[in-house]
Each structure stands twice: as structure tokens, then as C-alpha cells.
Amino acid sequence: MPEYVALDLETTGLDPARDRVIEIGAVAFTPDQVTSTLEQLVDPGRAVPDTVLRLTGIKQEDLRGAARPEDALRDLSDFLRGRQPVGHGARLDVEFLETAGLWDRSVQILDTLDIARILLPAAGSHSLPLLSSEMGFSQPRPHRALDDADATRQLLLRLREEALALDEGLKEAMLALVAPYTWPVALFFAEALTASNPNPEPAAAVRVESAGRGRSAERPPQDAAALAGLLGPEGPLADLLPGYEHRESQLQMLLAVAQIQARGGMLVVEAGTGTGKSLAYLVPSLARAVGHRERVIVSTNTHTLQEQLMGKDLPGLREWLPWDFKACLLKGRSNYISLRRWRRYLVEPCRDAEELRFKLKLLTWLHTTESGDRSELRLYGREEVWWTNVASDPLDCVGINCTKEDCYVHRARAEAETADLVVINHALLLADAEVGGGLLPEYDHLVIDEAHHLEEAATRGLRQEVDGPGVVALLERLSGGLLEDLRRQPHLGASGDAFAGAGPQAVAAAERVRELFRIADWWVAARLGEAERREESLRITPVLRDDEGWAQIRLAGENAVTALAALDASLRKGVGGVREWLGGEEPDRGSASWR
């Protein structure tokens, strides 16, 4: 393991161009010992905000006559030379050094925040104070530069122990992943995963424990009044819940839900804040589901409510209801990782260290996850984009050939098939309705919570979007030489001639699409008021379809579709010729000629 130096700066604010450093701290170390330290107060030459003084405990008079900022930062730069810098969420520290012209841009900092997110995906927070507390190491003066730097040192060594204690199969996969790279995160894992391990158990880390009780054979009451009694002043909830408050409106809603589920029909309830509506529909729904084997679907609009139901309300009900039940969360396909897509993506070269960290994070998570649900990961920044490379995709799904053991979507749906109550969101409910069923298990009762958002969700989820400028840009790229370059590839011979007519067709199609969106933009703008125009959105109603201008849009749309269909036919013919030339094989998408 090389010699590291953990660093931290305390500053007057978060803008390196305007703010000043007031303290620097750094600790040079190896796995075995601290080799040297650096600690300096810095005179910023200005008053320090009271919030900073309170946070750090530094007094304004302590800074008068202290080191000048440029001298202190130069001392820190000298201290870093020849050592691997380490920080926790250290981008701001680096920016202060860069602004002073004292950071070697060829050097990359090793960030313990990134490593913690890789190795401890289940941590409630990856902040330095929380990890320090959870892992039980010393940080006597939080928000003082030297103490924060030393806490970063201790955290790196604890994370190294975590890496050492990983499963051997996972360690092998991580080593294979980092082997081609020399970024600091790659070198850290290459060293940590191959070091001798004196302790086979990981360091005290952050773990998520599941709680629950054994199954009860007791059957739920079928009388609505008896169910209401569970939430009444004499019921079990009043004894178990601190600060219990009897709510008559909650009992009335519970009775109404129980009665409608018993006799069938539809019920609309407007429940104000503080009604306790979740329990008012969950208790009778669970009683009906377990007592009559009638599955209940609960649809929500927001992830926040889903988390409340699955993380608080349903676990709480499992603790005090006199009968047991099975509830699960079912999401849309793109929320689950596809192991087939993941295996393909894993072997692709990483473009930068950030993408490598993302892959390491997924490797660790996949070793422990049971759901494959992306919500366990807490994705940041570009990770949202990379997730699309591994998310389950219906266009890349092998259907019945994908086994339940190898597919988290199948697992989630299989779990939903055996659940009494399934929590979903409005988008999935509407998608199931659009395709005529099959995305959700069969159900007997539907509860739509946050129903006032259903129309908005339908508009958002069921519409089809076409990016006019994007389509035109693609067509212009095709007509601008891409197809001609492909046609002239000597090894394609006559097969390449199939693309000959596609270039002019792309030009014609671009003009038709451009005309369609020019007419549509004008027509929509003319029918929007000043306020609505800012949203640039217009719902097409039957009345608007009778408008004389709509006929122009329809004609322009038909012309665009005709031109695009002709281009599509030519492209398909050309691709078919290439396949025939290749003997029925797919083109090698890695070859220069195909690109």
C-alpha cells in the first residue's frame, strides 16, 4: 500500500473564487502508522461568518496573525507531493488548491465518500460524522481540519478492512474489473483485495437488519365494526402506539372501505390531512385479502408514499395486527437490473474513473440484493445515465427463456402473485391498463391513493413523444454522407447499392418532418393564452380536432409518415442485403466499416 495523505480544509464558505481558507489539516500514513501531520490556522484577512465560527469552534482572534492563505496552501501542496491524496467529499478542497494554482492536475484524489458508497451501499448516510460514529472510531473535534483529516484516514483503513473481508468470488470479480486501470480507486481495490487478511470478519460496518414476527394462524374478523374496533380507543393500536389519538373520521373511512369491498362497487373518499387514511384503507384491505383470498392492489403517485407504506405503515401493521399477511412492492421494468445486460456492460471498457466506481458499486450491491431494485442504490449524477445500460428492457428481454432465478423482474412478479397486498404506482397501473393486463397479478380490489394525480399521471405516462428537431437532425446525418459512406464500402459490393436511394429519401423525409412541426408549433401557439404559452402544452380535444387548422396538421403528418415509411423500406432492404452478404450473420458492430 502506498503512502497516503488525508487532507481537509476549513473555509469561510463554499466558493473558492471568493472565500478563504481558515484552517488546513493533513495526515500522512500507511496501513501501519501515521508518518507525519500538518495543522495550521490561516488568517483569511476578513471577518469569518458566525455560522462557520460556531461550527468549527475557532475564534476570530485565533486567526489574527496566523499564516497567510497562500503560504498555508503552499505548505499543504508540498506536504502532498509524492503521496496519494485522500479526502472525503473532497472536490471542494481540491478546488481551493486549484484556484491557488497549487494542485497538480495530473493527480487524482482518492475519495473515501466514493469508496464508502461502493462498499457500504446500505448505509443510512455516507457522511463522515455518521460513518465515524457507526464504525466507532475517534473524531473528538468534528469540523476541525486535522480531526476531519484523521477521521478520513481511519475511514479509509476501515474500508480497506471491509474490502479484505469480501466474499472471495466477489473479490475476484472486482479484481478483474479494476485490473486494466491505474486510477486511484482501481489501485486502492487492487491493493486492498490482494492484501493478507488477519481478520476474516469485516470491520464494524453499517448494516440493514430486517424485523418481523412469526406468522399467526389467527384469521381476521370479517365484521366491519370489529375491524373498526382495532383502531378504536380500546383496540390494540391504542395500547401499542405512543401518543395514540382517536380519530372518528379515520374509523368512518375504514367502515366505508370495508363495506364497499364486501359488496362491490366504487368508493370515492376525500380525506384531509391528519385523517390517517393509509391505515383506514390498509386494515380492511388486509383483512379482506387474507380472510377471502382476494388480492388488493394499492396504487400511489409518489415514491415518498410508497416508502411510507412499505417502510413504516405495513411493517407497523405486521407488528400489532392479530393476523399475518404478505405485502410487496412491484415497480415498472426499468426499475430492475437485467443481469444479461449487466454482464454485457460489465466487460465494456470504462471511459473514466467515475464509470469504474459505478460498476464496482453494482458488483457489491448485486452480491447482497434480493430485489434488484435500483432504489436500494441511491444513484447520483451520471449514474442515472449508466443505469439505462443495465436496466431491464422489454426490447432486450428473452421472455420465457429468462429464468426466474436470473431475472429480477420475474422474481418481483412471482412474489406479487403470492402476495395479499401489492403496492404499485400510477404509472404501472396505467401501463397495465394500456396493454390490456399482464403487468400486474390478477386482483380483486384496487385502492388508488393520491387519486387526484391520476389524470396527470395518465397524461404523462400514456402519451407518445416525438422530438421534431431530433428526428430532423438524425435524417440530416443520414443524408449528409453516412449512407453514402456505407454504400461505398468495397467489401459490401452489390449489397451496398441497396442504400443508394436512401440518401435522397432522407432529405425528403427531413423536409416533411420539418414542415409538420412548423405547422404544429404555429397552430398550438395560436391557441394558447399568454400564461399557457409558457408551458407550451395543449391538450387535443374532440373540439380542437374539428378546428380548420387541424386538417393541415393531419395532412402534414400523413406526408411525413409516407416519407419516413419509404426511407424505412430502403434502409431495411439495405440491411437485409448486408446480412445476406454476411451469410445471415449480424454485422460486427465493433468494426470500423459498420460504424
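1. Helices (H or I, at least four residues) and strands (E, at least two) are DSSP runs, numbered from the N terminus. The model is predicted: local features need pLDDT of at least 70, side-chain atom pairs count only at pLDDT 80 or more, and totals for chains, interfaces and linings use all residues. Residues are numbered from 1 along each chain as its sequence is written, and side-chain values use heavy atoms, without hydrogens and water.

2. Tyr443 sits in the loop between helix H19 (426–434) and strand E9 (445–448). Tyrosine 443 is partly exposed, at 33% relative accessible area (partly exposed lies between buried, under 20%, and exposed, over 50%; 1.4 Å probe, protein chains only).

3. Tyr443, Leu446 and Ile448 make a nonpolar surface patch of about 220 Å². Patch residues have over 30% relative accessible area and no salt bridge, with nonpolar side chains joined within 5 Å and like charges within 9 Å. A salt bridge puts a side-chain nitrogen of Lys or Arg within 4 Å of a carboxyl oxygen of Asp or Glu.

4. The second largest pocket has a volume of about 1,400 Å³. Of its 30 lining residues, Gln464, Phe517, Val524, Leu538 and Ile540 are the closest to its centre. A pocket is an open set of points on a 1 Å grid over the protein atoms alone, with protein on both sides within 12 Å along at least five of seven lines; lining residues have an atom within 4 Å of a point.

5. Helix H22 (502–527) and helix H25 (548–581) each supply at least two residues of that pocket's lining. H22 gives the most, with 8 residues.

Definitions and conventions:
Areas by Shrake-Rupley, 256 points an atom, 1.4 Å probe, with all protein chains shown as cover. 1 Å grid on protein atoms, 1.4 Å probe; cavity = no way out; pocket = protein on both sides within 12 Å on 5 of 7 lines; lining within 4 Å. Points joined across faces, edges and corners; volume = space filled by probe spheres on them.
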